[in-house]
Amino acid sequence: MRLPHAFYTFPFRFDVERMRAEIEAVPQEHWRWHPDGFEGNSALPLISTEGGINDDYAPPMMQTEFLERMPYVQQVLAKFSTVHGRARLMRIEPRAGVPQHVDIQYYWRTHTRVHIPVITNPNIQFYCGGAVVHMAAGEAWTFDNWRLH
């Protein structure tokens, strides 16, 4: 969704240790490689089409079995007081990244991405439309995903 500024941070923080404990309880075999094949990137679907293990954008969006077992992550999502679209946990291995891109699929005309880092370090930077931020663990950010990021 086009936004007036590249980045926005939300005025609340989350307990990363509680999130981390729930995330680490999910067995490794449930994590899937990034659908676009980005090396070193894996994901765990939380909200998806019909709650399935997929990367689709079509309604109805429902909780997956993984999110159903994460009560604190459910509280985190509820803090945003909105209808949720596709949501997933993303992992990027050390020295891996995501190629710069623009989210041009129709879905992103009316949806924004929210990033909540759980494990990070101060050297990790996020680029969007020429602006750069470090998203600290527990912070919540959104950005203009129609800009190069």
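## Rings and cores

Four aromatic residues, Phe 7, Phe 126, Trp 141 and Phe 143, gather into one cluster. Keep in mind that you're looking at a predicted model.

Let's stay with the rings for a moment. Across the whole structure, eleven aromatic pairs turn up. Here are two of them:

| Pair | Distance between ring centres | Angle between planes | Arrangement |
|---|---|---|---|
| Phe 12 and Phe 80 | 5.4 Å | 70 degrees | edge-to-face |
| Tyr 107 and Trp 108 | 4.9 Å | 90 degrees | edge-to-face |

Phe 12 sits in strand β1, while Phe 80 is in the loop between α3 and β5, so their pairing ties together parts 68 residues apart in sequence. Phe 12 is buried, at 17% relative accessible area, and Phe 80 is buried too, at 16%. Tyr 107 and Trp 108 are both buried as well.

Nonpolar side chains tend to be buried together in soluble globular proteins. Here, the largest nonpolar core has 23 residues, and the ones touching the most other members are Phe 14, Met 19, Leu 46 and Met 70. Helix α3 gives this core its largest share, four residues. Beyond its sequence neighbours up to four places away, Phe 14 touches residues including Met 19, Tyr 72, Phe 80 and Ile 116. There's also a second, separate core of eight residues, with Phe 7, Met 135, Trp 141 and Phe 143 among them.

Finally, is Ser 48 buried or exposed? Ser 48 has 0% relative accessibility, so this residue counts as buried. Ser 48 belongs to strand β3, and its side chain reaches the backbone oxygen of Gly 52 at 2.4 Å.

Conventions. Residues are numbered from 1 along each chain as its sequence is written. This is a predicted model: local features need pLDDT of at least 70, side-chain atom pairs count only at pLDDT 80 or more; totals for chains, interfaces and linings use all residues. Side-chain values use heavy atoms; hydrogens and water are left out. A nonpolar core is a set of buried Ala, Val, Leu, Ile, Met, Phe, Trp, Tyr and Cys residues joined through side-chain atoms within 4.5 Å. Buried means under 20% relative accessible area, exposed over 50%, partly exposed in between (1.4 Å probe, protein chains only). Helices (H or I, at least four residues) and strands (E, at least two) are DSSP runs, numbered from the N terminus. Contact means heavy atoms within 4.5 Å. A polar contact is a pair of N or O atoms within 3.5 Å; within protein, one must be able to donate a hydrogen and the other to accept it, and residues adjacent in sequence count only if both atoms are side-chain atoms. Rings of Phe, Tyr and Trp (its six-membered ring) pair if their centres lie within 6.5 Å; planes under 30 degrees apart count as stacked, over 60 as edge-to-face and the rest as tilted.
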